[in-house]
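Thanks for making the time this morning. I would like to walk through one model with you, going from ring to ring and then to the spaces between side chains.

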Amino acid sequence: ISLHTRKVVIRDENGDPKLLIGISENITQIKAREKQRIEQEIQLILITDSIPGPIARTDRDGRYVFVNKIYEDWYGIPREKIIGKKPTDIFPSGFTSIAKPYIQRAISGEKVSFEGPMDLYDGRNLFIHVTLIPYINHDGQPDGFLTVVHDITAIKAAEAKLVHNSKLASLGEMSAGIAHEINNPLAIISGSIG
């Protein structure tokens, strides 16, 4: 059993202690719930730290209250220095102008997604897809948002390569058509000369 005890001293008319009254409350269930909450929090951290993309949660003022390990690694800033700051304090300045209107919409309770280039502090240039999901409290009101980030640099590079190859294929078809149009009159001229 876990007990929480409060003690009250009863004094006589001279101010000397006369009685000591102890009141104990059984807090076993409260301690069990607290232990369960701590275990769930540890599990959540382990799960989010194993996800290969950055995940964060901000409060209603837009300040970080949680970031996973990947988020910390991407920005090159320890979690302790990220917590309490706003995303616009962490993002490189070029990305801030892209993200700011979406952050405002997410704070107001709207789920939004956007894409954009981001230069990381370690020198990597990424193209990322960001989803901001409103965090709704028990009263049904927006209370910040969750941020989920995906690195889509390889997808964008593949798309660009596909567009480039498509342009080359079109250019090849056009060249073949032009060559055919030139060869027909040349064949007639060559036949006439012959």
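Let me begin with Phe114, which has a relative accessibility of 6% and therefore counts as buried, the cut-off being under 20%. Please keep in mind throughout that this is a predicted model.

What kind of aromatic pair do Tyr102 and Phe114 form? The pair is stacked, with 4.5 Å from centre to centre and 15° between the planes. Its other member, Tyr102, has a relative accessible area of 25%, so Tyr102 is described as partly exposed. Tyr102 belongs to helix H5, residues 93-107, while Phe114 belongs to strand S5, residues 112-119, and the pair therefore ties together parts that lie twelve residues apart in sequence.

When the whole structure is searched, two aromatic pairs are found. Besides the stacked pair of Tyr102 and Phe114, there is an edge-to-face pair made by Tyr64 and Tyr71, where the ring centres are 5.4 Å apart and the planes are at 65°.

If we set aside the neighbours within four places in sequence, Tyr71 is in contact with Pro54, Ile55, Ala56, Tyr64, Ile82 and Phe91. On the other hand, the C-alpha atoms of Tyr71 and Ile193, which are 122 residues apart along the chain, are separated by 76 Å.

How many cavities of 30 Å³ or more does a search of the whole structure find? The search finds one, and the largest cavity holds about 40 Å³ of space. Strand S6, residues 125-136, and strand S7, residues 142-151, each supply at least two of the lining residues. By class, the lining of this cavity is made up of nine nonpolar residues, one polar residue and no charged ones.

Now for the largest pocket, which contains about 230 Å³ of space. Among the residues that line this pocket are Glu41, Leu44, Ile45, Phe66 and Leu146, together with Arg57 and Tyr135. Which elements give two or more residues to the lining of the largest pocket? They are helix H1, 28-50, and strand S3, 55-58, and H1 gives the most, with four residues. In this lining there are seven nonpolar residues, one polar and two charged. I would also point out an arrangement between two of the lining residues, Arg57 and Tyr135: Arg57 lies over the face of Tyr135, at 3.6 Å from the ring centre.

Finally, a word on Ile136, which has its place in strand S6. Ile136 has a relative accessibility of 44% and so counts as partly exposed. Not counting residues up to four places away in sequence, Ile136 touches Gln141 and Pro142. The C-alpha atoms of Ile136 and Gly109 are separated by 7.8 Å, although these residues are 27 apart along the chain.

How values were computed
Residues numbered from 1 in each chain as written. Predicted model: local features only at pLDDT ≥ 70, side-chain atom pairs only at ≥ 80, totals over all residues. Heavy atoms only, no water. Contact = heavy atoms within 4.5 Å. 1 Å grid on protein atoms, 1.4 Å probe; cavity = no way out; pocket = protein on both sides within 12 Å on 5 of 7 lines; lining within 4 Å. Points joined across faces, edges and corners; volume = space filled by probe spheres on them. Nonpolar A, V, L, I, M, F, W, Y, C, P; charged D, E, K, R; others polar. Phe/Tyr/Trp six-rings, centres within 6.5 Å; stacked < 30°, edge-to-face > 60°. Buried < 20%, exposed > 50% of the residue type's maximum accessible area, 1.4 Å probe, protein only. Lys NZ or Arg CZ within 6 Å of the ring centre and 35° of its normal.
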